[in-house]
Amino acid sequence: MPETPNPPNPANPAAAGPAGPAGADADAPLLRARGLTKTFRVPRSASGSTRLHALDGVDLTVRRGETLGLVGESGCGKSTLARVLLMLERPDAGSVRYAGVDPFALRGRQLLGWRRRVQMVFQDPFASLNPRMSAAELIAEPWRSHPGLVPRPERERRVRELLEMVGLRAADARRHPQEFSGGQRQRIGIARALALEPEVIVCDEPVSALDLSVQAQVLNVLTGLQAELGVAYVFISHDLPVVRHMADRVAVMYLGRVVESGPAEAVFTAPRHPYTAALLSAAPRPPAAHGGAAAAGPDAPGERIVLRGEVPSPTDPPSGCRFRTRCWKAEERCAEVLPSDEPAPDGPEHVAACHLPLAHSGGTSAP
Amino acid sequence: MNRHGTPGTSGAESTALEVRGLSVELRTPGGPVPVVRDVGFSVGAGQTLALLGESGCGKSMTAQAVAGLLDPVAEVVGGQVLLGGRDVLRLGPRERRGLAGPELAMVFQDALTALNPVHTVGSQLAEPFRIHERASRGAARERAVELMERVGIPEPGLRFRSYPHQFSGGMRQRLLIAMAVALRPSVLLADEPTTALDVTVQAQIMELLAELRRETRMALVLITHDLAVVAEQADQVAVMYSGTVVESGPVAEVFAAPRHPYTRGLLDSVPAGHARGTVLPSIEGAPPRPTAVPAGCAFRTRCPLARERCATHEPPLSATGPGRASACHYWKELADA
C-alpha cells in the first residue's frame, strides 16, 4: 500500500502483489470480462429515457500474446468497452479479471503496477501527442509515474532502442510531433505505450486516421512487435480487412452486446449471426493484391445484404434481440426472448447470440 | 494545355465533363504553392469516374475547382473545365451560378456542416425549385416531398418540417444527395460521400447513388481514398499523387495490372489477400508536402523503380494503351513483371 517502501527490484514491481503473473495459472486468460454493463445518464430522449445503455452484459476473453479484434459500427459500445478494460470507466455491473485479479479492487502501488501492464494506442496521432515535447520526452514521460522501471542512466539508451523498435531512427529523438508525418507519430504513440513493457495494448482504431500507403507500415510494426515481445492486443477497428489481417479471434458488437465471437477465420468465413453476415457483406470488397477478381474479404457468396434503416439509439434499445428491428429473419420470439450464446458447429469457441443462426453448407468448418 | 490527351471516356459516348490541364495554386505568405498540377480527365454520361488518392493529393481541390467552390486563398491558374462543350472557367459568376444545380452539383463529405441548421430540411430541399424553376411555394413543397421519398426518407410529409440535427448521419447524407440531384444535373461530384458513415449505411448510400445515376444518366465523379469503393462503383479511375494524375484507365484493367508503381504500391498494401499476420508490402515514407515536392517525378523518393532520369525529368501522363495512361518512365517494367 502507499506506505510500502520501494521494492528492491523495481523492474518487476507487481510481481510480489496479487496481480503478479507469477502466481497466476499459466493457462488462465490474461484478461477476462464477464457481464459488463455500463449506462450513462443523458438528457431525456424522445422516448423519455434518461439512460444510455453503452454496454449490456458483455463477455470477453483475451489470452496472452494474442490479438482480439473488436468490430462494430459507431455507437456499438466498443470504445466504452476499451475504457472499462483500461479502468477509465467503472462498470455498473459485471467483473473484470486480469490474470485472475480484479483491478478495480486494487489500491496504491498494486494499482500502479496493474496500470503499467495495460496500455493504450490512440486513434488520432495528431491529437494524442503533446506538441511541446520531443519524441524522447514523450516516450520517457510514462517513466515519471513508474520511476523504478528503467534506471535513470539507462533511459536515453532505452528511448533509442524503442525508437528503433517501431522503425524510427535514434536521431529522431529530439524532433517534435509536428515534424513527423501521421504514420511516424503513430509509431511514437506505440513506442510510448511500449515504454512501460505492457502485457496488453488496447489499440483504438490505430490506423484509421492514416493514409492507406502508411497503414500497412504501422500494421507491420504492430505485428512485428507482437512476435518479438509476445504482447497481446485488443484491436478495435471498423475496417474488416484490417481486423481480419491482424486478429486471432474476433468479437462483433451491436448496440452494447457481443453478438458473435470466435476464431477470426471462422467468424469471417462462416458468420452465424445475421448482423455479422450483413456487416461482412456490406463492406466493399477490396481489390485483390494483383489479380482481376476482388479478393473476397468476407467470403459471402452471391447477393449483397443491404440492411434497412440504421442502428437504433442506445438510449432506447429494442426488446429481446437488439438486432431484430433490422434483421430479415426476425420472428416474434426475437422480440420477446433475449438470445443466449450458442456454439457453432465448427467449434465450441465460435458462438453467436441468435435464435435463428445462419447455416453454412459443409466444408466451412476449420480443418 | 493537356499534354497527352485526356484519360477517361473515348469519343464513343457523349462526354458530360472534360477537364484539361487544370492547375490550382494556394496563395501563401511564402508565395504561391501549386496544389493541383495539370490535371485532366473526362466522364461520359451515365458513367462513374473515381478520383482516387490519399489525403493532400489534391483530389478535393480538383473537385472544388471544377464546381467553382474553391476557398478564396486558392486560385485556378490554368486549364479548362468543359461542361457540355462550354468552358465554365471562362463564364462570369452569374452564368456560372446558373449552372449549379441543373448542370453540375456536388455532394459533400460532412452532411451536417453542409446543411443549414436553422432552416427546416423541407425549405432547403424546396429552394432549388423555387430559385431555378420559379415554382410556387406549394409546388416546390410537393416536389421536395417527392424527392425525400425517392432518396428513401421515411414519412417525408412529416419529416419535411424537421431540422437537420433531428436526422441521423445516413439520413442527412440522403438529404444532401436529394438536394444535389433535385434539378437532375448532368454531372454530380461526390466528395467522399460515405466516409463519415458506418459500413451498413455506406452500402445504402452507394446503392442510392448508383440507382440515381442509372435513372438520369448523370455522370458521377467519385472522389475517394477507398480502393474497395473504387473497385465496386467506378468504371474509370484516375489515380492522383501529389497534385497530379499518375495513372488512369478502366478500373478493372488498372487494378488487375497497374502501370504506375504508386498504384501498384497502394494495391499491394491492402490487407485482404495477404495471409493473416504476414508482413504487408508497404510504400516507404509518406507523401510529400505540397511545399516540398521532389523535382522530377514526385513519387521517386518512395519508388522502387526510381533511377537518375526520374530526378531530372518529370514523366508526363502518356497513353500506354487503349484508354490507359501512366506517368512513369518505366511503366513497361511493371507491365512485363
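1. A residue is counted as buried when 20 or more other C-beta atoms, placed from the backbone, lie within 10 Å of its own C-beta, as exposed when there are 12 or fewer, and as partly exposed in between. Helices (H or I, at least four residues) and strands (E, at least two) are DSSP runs, numbered from the N terminus.

2. The model is predicted: local features need pLDDT of at least 70 and side-chain atom pairs pLDDT 80 or more, while totals for chains, interfaces and linings use all residues. Residues are numbered from 1 along each chain as its sequence is written, with chains lettered from A and ligands numbered from 1 in the order in which they are written.

3. Chain A contains 11 helices and 11 strands. Of its 367 residues, 46% are buried.

4. In chain B, helix α11 (residues 261–268) has seven of its eight residues buried, so the rest of the structure largely encloses it. The buried residues are B:Pro261, B:Tyr262, B:Thr263, B:Arg264, B:Gly265, B:Leu266 and B:Leu267. They pack (contact: C-beta atoms, placed from the backbone, within 7 Å) against α7 (212–229) of chain A and several elements of chain B, including α9 (227–233) and β9 (236–241).

Key
Two residues are in contact if their C-beta atoms, placed from the backbone, lie within 7 Å.
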